[in-house]
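This briefing goes with the sequence and the 3D structure shown below. Please keep both in view while reading the points that follow.

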Amino acid sequence: MNILITGCSKGLGYGLSRFYLEGGHKVYGISRSGNAGLENYPAFYHLGQDLSDFESVRKNIPGFMHELKKLDLVILNAGILNDIKDMKDTSLDEIRHVMDVNVWANKVLIDCLFDELDEIVQIVAVSSGAAVSGSRGWNAYALSKATLNMLIDLYSREREKTHFIAMAPGLIDSGMQDYISGLPGEIDFPVVKKLKEAKGTEQMPPPARAAEIVADAIEKAMNYESGSFVDVRQL
C-alpha cells in the first residue's frame, strides 16, 4: 500500500510509520523534523513541513506527491496539546494556534491531496476521547478534536468514494503524556490524575504497541459508516 502519515517523527506517528514499513508498505511521512530510525527504510519518503504554514503546504505537496496517483491510506496524526488549564485562563491566541495545527492544517492537506491524486481509499484522522468527554482542563485541545470530528464527517459527505474516519487512539505513552505526568500536584483535574496513574502500566502502551492496536482498528473501521467517530477501545 501507499500510506501517508503526518507527525511521523515521534510518538504514534513514528510507531505507525515503522509498523507499515516493516509490513512492506511505502510510507510518505510529513513532519517538521526527521527521525533517523526511519531514514534507513528504502520505502520511506519524508517531507520536512510545518503543517501550520498553509501556503507552504500548498506549495510543497504537489512535488512530494508528483509520482503518485493513489494513496491507500492517509493518517492525519500530527497535532499539539496546549497547556492544561481552565478555559477562563486560555487565550484566544492559544485556541487559534491549536485549531490551526489540529484542524485547519488537515483541511488544507486534504484539499491538496485530492487536487493531486486520482484516488484516496481511506482517510483516518487521529482524534481523542477529549472530543466528546468535556473534561476540565483540555479546553483548546478538546475544541480542536471535536471540530476535527465534524470536519471528517463533512468531507465524507462530499467525497463519497473515500472512506473517512475520526479515531480516538486510546492512551499512548508519548511526549504528551510526559508533559502531563510532569504537571505539578496542585493541578488537580480528574483526567490529569487518571493519566498520571496510567503511565507506565498496560493501560498506556508505548508507541510501538499502540501502533499495532491502531493499525488493527483502522482495518476494522472500514466496516463503520464513513464520517464516523470511533474509539479503538470500543472496536
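**A residue in helix α4**

Asn102 lies in helix α4, which spans residues 92-116. Helices here are DSSP runs of H or I with at least four residues, strands are DSSP runs of E with at least two, and both are numbered from the N terminus. This is a predicted model, in which local features need pLDDT of at least 70 and side-chain atom pairs count only at pLDDT 80 or more, while totals for chains, interfaces and linings use all residues. Residues are numbered from 1 along each chain as its sequence is written, and side-chain values use heavy atoms, with hydrogens and water left out.

- Asn102 counts as buried because its relative accessibility is 0%. Buried means under 20% relative accessible area, exposed means over 50%, and partly exposed is in between (1.4 Å probe, protein chains only).
- Neighbours within four places in sequence aside, Asn102 is in contact with Gly79, Ile80, Tyr141, Ser144, Lys145 and Leu148. Contact means heavy atoms within 4.5 Å.

**Helix α9**

- Helix α9 covers residues 207-221, 15 residues in total, and reaches 20 Å from its first C-alpha to its last. That is close to the expected 21 Å at 1.5 Å a residue, where the expected span is 1.5 Å times one less than the number of residues.
- The buried residues in α9 are Ala210, Ala211, Val214, Ala215, Ala217, Ile218 and Ala221. They lie on the same side of α9 because they cover an arc of only 165° around the axis. The arc is that of the directions from the helix axis to the C-beta atoms.
- Ala208 and Glu219 are exposed residues on the face of α9 turned away from its buried side.
- The buried residues of α9 are covered by elements including α1 (11-22), β4 (70-76), β5 (119-126) and β6 (163-168).

**Helix α8**

- Helix α8 (residues 190-198) has Val192, Leu195 and Ala198 as its buried residues. These fall within an arc of 130° seen down the axis of α8, so they line one face of the helix.
- The face of α8 turned away from the buried side carries the exposed residues Pro190, Lys194 and Glu197.
- Gly200 follows α8 and has a positive phi, near 85°.

**Strand β6 and its partners**

- Strand β6 is mostly covered, with 6 of its 6 residues buried. His163, Ile165 and Met167 are on one side, and Phe164, Ala166 and Ala168 are on the other.
- Strands β5 and β6 pair in the parallel sense over 5 bridges. Two strands pair if DSSP finds at least two bridges between them.
- Strand β7 (residues 228-231) runs parallel to β6 and is joined to β6 by 4 bridges.
- Ala166 in β6 stands opposite Ala125, and its bridge partner in β7 is Phe229.

**Nonpolar cores**

- In soluble globular proteins, nonpolar side chains tend to be buried together.
- A nonpolar core is a set of buried Ala, Val, Leu, Ile, Met, Phe, Trp, Tyr and Cys residues joined through side-chain atoms within 4.5 Å.
- The largest nonpolar core has 36 residues, of which Leu4, Ile61, Met65 and Leu113 touch the most other members. At least two residues of this core come from each of β2 (26-31), α3, β4, α4, β5, α6 (139-158) and β6. Helix α4 supplies the largest share of this core, 11 residues.
- Leaving out residues up to four places away in sequence, Leu113 touches Leu4, Ile61, Met65, Leu71, Val74 and Ile120.

**Salt bridges**

- The count of salt bridges comes to 11. A salt bridge is a side-chain nitrogen of Lys or Arg within 4 Å of a carboxyl oxygen of Asp or Glu.
- Arg58 and Glu55 form a salt bridge, with the closest N and O atoms 2.6 Å apart. They are separated by about one helical turn because they are 3 residues apart in helix α3 (residues 54-64). Arg58 is partly exposed at 40% relative accessible area, and Glu55 is exposed at 55%.
- Glu94 forms a salt bridge with Lys85, with the closest N and O atoms 3.0 Å apart. Glu94 is partly exposed, at 22% relative accessibility.
- Lys88 and Asp89 meet through their side chains in a salt bridge of 3.2 Å, N to O. Lys88 is exposed at 69% relative accessible area, whereas Asp89 is partly exposed at 42%.
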